[in-house]
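Morning, everyone. I have one model to go through today, so let me put it on the screen.

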Amino acid sequence: MMKKNLIKKVFAVSLSIAMACSLLPAANPVTASAAAPYVSLKTTFKTLKVGQKYKMTLKNNTVSWKIKKVETTAKTIATVYGKTTSSVMIKGKSEGRATIRVYLKTAKRKTKNTKTLRCRVKVVTDTTVNPTPTQTDATVTNQAELDAALKETNITKITIKPATAENFVIASGTYANVDLIVDAPQSDITNSATFKSVTVNNIKPETWTEKGSGNTFTWNAANGRFVVDKGANVKTVNIAKAGKVAIQVNEGTLGAVNVTAKADVSIEGKLAEGAAAIAISFSSTATDATLKTAVKVAVTTLAKIATIFEKGAEDSTVKLAAAGISVKVTNNTTKAIVVTKNNNETASISAGKTSDVSAVSTNTPGGSTGTYPGSSTSKPLPKAQINTGSSIKVSVSGTVTGAAVTGEVSTVTGGVITVNVEHGNNVITPSGYSAEVEYSVKLSAKGWSKTVNSNYRNVDIDLKGAPIGKEITVTVSCRIKETASYAASAWKQVKPVKLNLSVGNVSAAPANAWE
């Protein structure tokens, strides 16, 4: 009996312990995984300025939701455009509020596969104050406005354009970054300053008086008188339009006059003591231009022209730099005027005489055959040749006076460059051998090229049709000139010179070695 009671007690205690343990928490409970985030817009509220754009995209797109449709509650405030399956553009139109509704759909679910998302948009006015742009151009109508514009360091272009007869005096000063434009048909102008460039489109027929130093002028006025005053030093005058241009030199210096139109040019006065002859060039576009001068000049022409040399122009010269052209020379000086043809032959027009002198044709490199490449006949080899071990220098200078755009290409309408070849007598080998050297200059760029053959070291080339803004390669070749007894030698090439053309003065780094 006692044994049965003991068993009952043990069973009761065990049952109590088991029930108590069942009420205790598990030692290692299982943690439920977090719910996957729902697809949403990148933002549900956006502030935009009027005119501002914003690209709205989806985020948490785990089941390939795609944008099917987008709406705005106020198109005049916020508009939507550029919808794709994953983004849409929003643009602020005017101040106010709007709600953008984006309708989504997914093919990953058979049910609950559509959704509408919303973004509230607030559009505000942009209160940012834009800075006032820096003024770089100025048009002046009187002396006070001109003086004020010259004091402004940000001004890079000044146009003188008075509505009435107003004369101007420009005081001495250097304005290396300022282009001066003159459109003043009723004005006289006296200038003592130096500018980046000066373009005279219109001026009173009487006078522009130049007292400055180093200026380059482009003269587009149909008529006018240009005075180079005592002590003044003018670098270049480019005459780019037909008309009558009178130049008066009052013991000043005028470096060059480039004529690229059918103009009637007259020069009188007196050069500064020791000044070189005025270099005057006529491009191929200056056909039938005329020159009348009472000042010593050195004329180079690529066109048919007529010249009159008055007393004071003694020792002037004329050079015909192209085939198929001529010059009419009326010599009213006290000395003969020498005309050099393009084959280095000369003609002398005596004082008091008038004569027409024509250029002759010349060969171009490689244009004919012979014992040596480029020789015009089959003759023995020359006893001399070009010494490629000698020193040589090729430099380029000139002026582009006009350009025009045809389609997408900008080309030169007026301009001439001079290719200058410098070498010593040792350019011919063997030493002491007497022979003449001729030169070939080729200008080439993509889609354009030009070759000029000359007997002179200074070769003038008309740039009409050359591309603006493209790299041009200038290649100079030399050879021993053909004689009655011997063929010409082979061409020997100098390392090319590279240049880019733009309206204004042209120059390039020289070449100093043979290829």
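Is Cys-478 buried or exposed? Cys-478 counts as buried, at 1% relative accessibility, where buried means under 20% relative accessible area, exposed over 50%, and partly exposed in between, with a 1.4 Å probe and protein chains only. Cys-119 is buried too, with a relative accessible area of 1%. The disulfide count is zero, a disulfide being a pair of cysteine sulfur atoms within 2.5 Å.

Some ground rules. This is a predicted model: local features need pLDDT of at least 70, side-chain atom pairs count only at pLDDT 80 or more, and totals for chains, interfaces and linings use all residues. Residues are numbered from 1 along each chain as its sequence is written, and side-chain values use heavy atoms, with hydrogens and water left out.

Now the overall picture. The protein chain has two helices and 40 strands; these are DSSP runs numbered from the N terminus, H or I of at least four residues for helices, E of at least two for strands. Of its 515 residues, 41% count as buried. Taking contacts, meaning heavy atoms within 4.5 Å, with a separation of 6 or more, 40% come from residues 24 or more positions apart.

Next, strand E6, residues 87-92. Five of its six residues are buried, so E6 is largely enclosed by the rest of the structure. Strands pair here if DSSP finds at least two bridges between them. E3, residues 53-59, runs antiparallel to E6 and is joined to it by five bridges, with Lys-55 opposite Met-89. E5, residues 78-81, also pairs with E6 in the antiparallel sense, over four bridges, and there Ala-78 stands opposite Gly-92. The hairpin of E5 and E6 has five residues between the strands, and Gly-82 takes a positive phi near 65 degrees.

Ser-40 lies in strand E1, residues 40-41. Ser-40 is buried at 18% relative accessible area. Leaving aside residues up to four places away in sequence, Ser-40 touches Thr-57, Leu-58, Lys-59, Asn-60 and Leu-117.

Last, the largest pocket, which holds about 450 Å³ of space. Of its 23 lining residues, Ala-256, Asn-258, Ala-279, Thr-418 and Asp-460 are the closest to its centre. A pocket here, on a 1 Å grid over the protein atoms alone, is an open set of points where a 1.4 Å probe fits, with protein on both sides within 12 Å along at least five of seven lines; lining residues have an atom within 4 Å of a point. The lining divides into seven nonpolar, 13 polar and three charged residues.

Conventions:
Grid points are joined across faces, edges and corners, and a volume is the space filled by probe spheres set on the points. Ala, Val, Leu, Ile, Met, Phe, Trp, Tyr, Cys and Pro count as nonpolar, Asp, Glu, Lys and Arg as charged, and the others, Gly among them, as polar.
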